[in-house]
Amino acid sequence: MSSTRPTHLRVDHLDRPLGTSEPRPRLSWRLPRGATRQLAHRVRAGDWDSGRVDSPVNTYVRYGGPAPASATRTEWRVKVWTDLGESDWSEPSWWETGLLRPDDWRAHWIEPAETEPAAPGHRPAHLLRHGFGLGRPVRTARVHATAHGVYELFLNGHRVGDAELTPGFTSYRSRLQVQTYDVTGLLATGDNAIGAVLSDGWFRGRHGFAREADGFGTRTALLVQLVVTHTDGTRTTIGTGTDWRSARGAVLAADLMDGQHTDLRAYDPRWADPGFDDGGWDKARPAEGGLYADLTRLTGPIAPPVRRVAEIRPVRVSEPRPGRHVVDLGQNINGWVRLSGLGPAGTRLTLVHGEVLDQDGDVTTDNIRAFDWATRRPLPAGQVDTVVSAGRAGEVFEPRHTTHGFRYVRVEGHPGPLTADDVTGVVVHTDLTRTGWFTCSDARVDRLHEAAVWSLRGNACDVPTDCPQRERAAWTGDWQVFVPTAAFLYDVAGFTAKWLRDLAADQWADGVVPNFVPDPAGEAGRRASAEGGLNGSAGWGDAAVIVPWEIYRAYGDLDLLREQYPSMRAWVEYAAGQARTRRHPDRAAARPHPAAHEEFLWDTGFHFGEWLEPGVAPDLDPARDRGDVATAYLFRSAGLLARVAALLGHRDDATRYRRVADGARAAWRHEYLTADGATVPDTQATLVRALAFGLVPPHLRPRAADRLAELVRAAGTQLSTGFLSTALLLPVLADHGHLDLAYELLLRDTPPSWLAMIDKGATTIWEDWEGTDEHGRPKMSYNHYSKGAVVSFLHQCVAGIRLPDDPVDCSVDPDDIAAAGAGYRRFVVAPRPGGGLTSASARHDCPHGTIRSAWERHGDSFALTVEVPPGTEAEVRLPGGTRTVAGPGVHRFDAHL
């Protein structure tokens with residue numbers, strides 16, 4: 001028997017999920033080092049033994065034993081048979097279920113004692129607590145907790161767990177996450193106390209561009225159940241109820257967007273301790289009916305939680321004017337600061353967080369101010385924390401009921417001196433596992449790559465936001481554009497699966513996908529709002545189809561496609577229905593009788609269009625004909641849906657959506673493609689999209705690519721693409737005979753360009769190419785990751801690691817799909833050196849192990865090292881055209897350039 005064994009055991013998208021709602025999870029593992037292929041596996045989980053199962057599949061293998069009861073831990077291990085022989089058993093791992101059924105809950109929802117809620121942004125965080133006794137020793141203890149709002153849980157004075165902003169952001173009307181914690185070590189025989197800090201969070205706090213509040217409700221609430229198993233086997237259950245007490249604490253106001261205001265003079269560190277006298281507190285209020293009555297929406301997490309993942313020491317502290325200190329972290333982040341040295345009792349400090357400094361060296365937030373849609377009235381930027389010192393020794397302020405997008409912090413009122421030792425930047429985001437790296441011989445390109453990484457980190461705070469300051473909304477179009485890049489850089493499988501469940505939950509009855517999800521307003525509220533008619537845009541709604549497909553390509557999760565299929569289908573049906581039943585008035589006036597191809601021409605309704613093309617003012621006119629963009633996306637999504645339908649065995653659907661895709665392509669060609677390969681409109685964006693999506697016939701592709709290159713040259717060798725197509729520009733040029741031009745654009749250092757941002761000091765990707773207006777004033781968000789998707793060009797073209805264009809053969813049996821090419825079971829390594837680079841390397845930790853491509857060139861000599869993980873194979877394509885297939889292991893190749 002081989003001494004090697006399977007490693008990296010996972011349960012669904014987590015290593016050891018505590019509190020899962022999935023009684024029959026899927027199990028994954030990596031093969032022993034050096035194994036070429038898996039022949040069979042055997043799983044032992046609890047009392048269940050699968051026996052030997054002849055199968056090449058080592059990811060997302062469904063547990064086939066008896067369903068565990070609620071709050072049950074199941075240990076499991078696996079062995080495999082490979083070309084190396086029979087392995088040893090893996091090290092054991094486990095998963096543990098949460099409360100699986102509504103009748104498992106003995107606790108009841110409670111609300112704080114709050115008469116009338118204050119105005120949004122001015123509402124305090126409430127304290128809730130309960131004292132109880134335990135008469136027998138504790139063997140194990142679990143606490144299950146959730147809230148309408150954001151909660152922190154405490155037990156006997158100790159904070160429970162290390163997750164932040166729990167329970168996280170979901171479509172609360174349909175899905176509310178419950179966290180489960182192992183609190184065995186926090187309990188004692190005798191007196192105990194449990195407490196929570198509860199603030200507005202996403203439930204009723206401000207959200208989005210318009211700073212809307214009370215989206216899901218007007219009251220915060222808490223639901224907690226503690227289950228203690230004693231050494232004699234008996235159980236004690238403690239839950240929220242009318243015997244809990246409520247009071248205001250030191251957090252006078254807390255809002256995720258506006259900030260947190262704390263008076264430490266009102267803080268009693270004993271409030272969650274046993275024996276604390278809460279006689280002066282009010283009784284918590286029972287909460288019933290409405291959402292409280294629906295316990296079916298409670299679910300365990302499927303993604304990692306938000307955590308404090310890193311700390312940053314400031315690089316500089318300045319004092320632009322007396323009483324104002326400006327702290328520079330040197331890096332734009334999402335999170336908050338921890339501040340010490342708060343001064344004598346009664347000292348009031350104000351912390352203003354921003355991404356940029358004004359001309360006087362002071363923090364400005366003018367670039368992230370939004371406005372009211374109805375009145376156009378400017379709105380405050382928020383991101384302001386205040387703290388009043390109690391004068392205690394060692395006192396520290398760290399606001400955990402808000403987050404900010406910032407690099408700089410202005411501290412007002414500090415008696416001084418304020419030093420870098422007094423301030424710590426705390427990076428807060430979903431605790432994603434890093435899976436992708438890149439470096440090359442050009443330091444500026446490396447900095448660009450890290451700026452894109454930091455932009456993703458700043459916008460992955462439980463949901464994929466567009467920016468971490470002005471809106472903090474999970475815009476569908478942004479994730480649609482960036483998800484392939486994100487899936488290389490980090491493990492976003494569970495993070496995205498969680499978000500897609502919310503997309504499906506918030507999708508409107510007619511199939512429209514709202515601009516951002518979760519959407520606190522819901523369908524009725526959003527339709528009635530000032531921007532209600534600005535939903536359902538092509539390129540944004542298409543996230544319903546494109547995002548699941550890209551996650552499938554990257555991770556091989558066929559079940560995700562099954563789960564999202566109704567949502568994918570609903571979006572394409574909506575888009576195809578709009579094309580079939582509506583005509584643009586201008587087209588109808590010019591051609592009263594519709595042509596046959598117009599059945600598939602989508603030229604009506606609101607669309608953002610290409611959005612933010614350099615020099616083009618944003619246009620939100622819903623009457624504008626954007627059929628060139630919308631019909632292209634109808635073709636793209638219908639074509640992907642046809643492939644997904646084939647994978648899932650829905651043959652009739654596959655035929656139907658292939659017809660829609662073919663019809664949309666024919667309509668697009670009829671309306672927007674000329675006989676010589678030009679497009680209407682004749683723009684870089686239109687050509688990029690047409691070539692990337694496959695809208696241009698093969699015989700016209702060289703002409704279309706040449707026209708794209710001409711437009712780039714005519715613009716002064718500058719890009720003029722916008723939001724939707726910028727990520728596709730360099731790959732399209734490289735794949736269509738213009739690799740040198742792609743490198744020229746990558747390395748361009750005058751705006752609009754990526755390196756112009758880097759040369760100006762960007763540490764994240766900017767929303768606007770220039771970053772400033774004509775007067776030098778900061779402009780728009782300095783942390784919008786969509787343009788950062790260019791780093792996929794570094795991974796896929798420069799270093800050369802890429803998935804096959806078609807990871808699967810849709811004609812094969814769906815049961816065999818997992819053993820095909822998706823999830824990097826098959827991949828390509830095809831570096832394409834250029835741009836004067838003398839070396840480049842990339843690493844990606846895929847579901848099967850580490851992929852690495854590293855090359856160097858010396859004159860005309862080219863040396864490439866490739867690492868292929870167990871159970872996979874790579875097609876290696878060398879410059880010059882040589883191709884070879886490489887199995888697991890490390891390989892070296894040489895070529896002459």
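Student: How many bridges join E28 to strand E37 (residues 423–430)?

Tutor: Helices (H or I, at least four residues) and strands (E, at least two) are DSSP runs numbered from the N terminus, and two strands pair if DSSP finds at least two bridges between them. Here six bridges join E28 to E37, and these strands run antiparallel; within E37, Val426 is the bridge partner of Glu311. This is a predicted model, in which local features need pLDDT of at least 70, side-chain atom pairs count only at pLDDT 80 or more, and totals for chains, interfaces and linings use all residues. Residues are numbered from 1 along each chain as its sequence is written, and side-chain values use heavy atoms, with hydrogens and water left out.

Student: Which strand do two bridges join to strand E28 (residues 306–312)?

Tutor: That is strand E16 (residues 163–164), which runs antiparallel to E28, with Glu164 standing opposite Val306.

Student: How many helices and strands are there in the protein chain, and how compact is the chain?

Tutor: The protein chain has 16 helices and 48 strands. The radius of gyration (taken over C-alpha atoms) is set against the globule rule, 2.2 Å times the number of residues to the power 0.38; the value for the protein chain is 28 Å, close to the 29 Å that the rule gives for 897 residues, so the chain is as compact as a globular protein of that length.

Student: What percentage of the residues count as buried?

Tutor: Buried means under 20% relative accessible area, exposed over 50%, and partly exposed in between (1.4 Å probe, protein chains only); in the protein chain, 61% of the 897 residues count as buried.
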